[in-house]
Amino acid sequence: MLTIDLTGADVLHPGGMSKAPLSIAEGRVADAPAGRAVDLSGYRVLPGIIDVHGDGFERHMAPRRGAMKETAEGLVAVEAELAANGITTAVLAQFVSWEGGLRGLDFADKVFTALRDTGTELVTDLRPQLRFETSLLELYDTLPDRVAQWGIEYVVFNDHLPHDRLAQGRKPPRLTGQALKAGRNPDDHFAMLLDLHTKAQDAEPALGPLCDALREKGVRLGSHDDATAETRAKWQARGVQVAEFPETQVAAEAAQAAGSGVVLGAPNLVRGGSHKGNVSALDLVMMGLCDALASDYHYPSPRRAALMLERSGVLDLAGAWALVSSGPAAVLGLSDRGTLAPGMRADLVILDARDRVAATLSGGRISFMSGDVAQRFVAA
């Protein structure tokens, strides 16, 4: 861990931007000069990005079928990309779904086991999230124990079955490719989907007890892609207090009114809209209906989204950056990070004059550093 004083930079302190030095000691932000000075004139120092939901790690963990035999090596590659994008805490969102393959139970076991056993050896704080398909009723009884065994503290519920088409007996788009990815015969895959659709009504009464069992183990719960206020109210009644990527304004409003955290996709904001045609993240941010921006599938997007909000005048830097730092920390219940206040974890990102990531520190340890800023640290 570094013991240093960062001087000359524009630092986003809790009271706002200033050139007041930032001191680091024992992995924490210090309240007094701590060690040797590093001149960061020309740079900006901001709280480290907390990514509350991302599945971009999939391309590192299994870029092609059979290519990644050592899951731990995939985590090392994931961390490198996270750190290069200023992310100091990352929630890796792994499916357990009827889709199978990279989203099946066996692959999830590999990912969660690797995170549990080797994640602590990395600098970036990597945390597992289980994205669980509600139609997998056969796993309900064992899920709480599996979650405890994997060390998971955050479970999010999905229902990605194409119910409208299945109700009509019609095959979903891209069914053949989906089936082959899962190693299934397409006809068998379609039959499975029809069966899951038929049994979906059985999930409703079973979800309450499952949520109760998970919460008893201290697990934080979220719902994914809520489309209506009624759906959000059902999840709220089950103790599910995070709404990830609500599809409509009314669902986001219902979540906020009930005190749930609202997580939106940073790529939605960066690209100017949802690729699925859902509500615009920018519109929800402008209405104050966002607590956190997540990388979703693209790790550079949280930084880019926050800076876009600042440059466009939608929010000042402190407000925009809070959506990728203190906001996500609150959603995850992490009270030891998210700002550069004394006593907090020394999680920070250093941006150069072009707002590129020059260095990232997580818990006072360097996870990424490149170019001129590295010379300054070495020369100090």
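Two strands count as paired if DSSP finds at least two bridges between them. Strands are DSSP runs of E with at least two residues, helices are runs of H or I with at least four, and both are numbered from the N terminus.

The structure above is a predicted model, in which local features need pLDDT of at least 70, side-chain atom pairs count only at pLDDT 80 or more, and totals for chains, interfaces and linings use all residues. Residues are numbered from 1 along each chain as its sequence is written, and side-chain values use heavy atoms, leaving out hydrogens and water.

Let's start with the sheet. Six strands form an open sheet with mixed pairing, in the order β3-β2-β7-β16-β17-β18. Its edge strands, β3 and β18, each pair on one side only. On average, neighbouring strands here are turned by 20° against each other, direction ignored. Strand β18 pairs with β17 in the antiparallel sense over 4 bridges, and R365 in β18 is the bridge partner of S362.

| β3 | 16–18 |
| β18 | 365–369 |

Now for two helices. The axes of α4 (residues 143–150) and α7 (residues 186–216) come within 9 Å and cross at roughly 30°; axes are lines fitted to C-alpha atoms, for helices over the stretch in contact, and angles run from 0 to 180 degrees between N-to-C directions. Therefore α4 is roughly parallel to α7, a term for angles under 35 degrees. The contact (heavy atoms within 4.5 Å) is made by L143, P144 and V147 of α4 and L210, A213 and L214 of α7.

Terms used
Angles under 35 degrees count as roughly parallel, over 145 as roughly antiparallel, 65 to 115 as roughly perpendicular and the rest as oblique.
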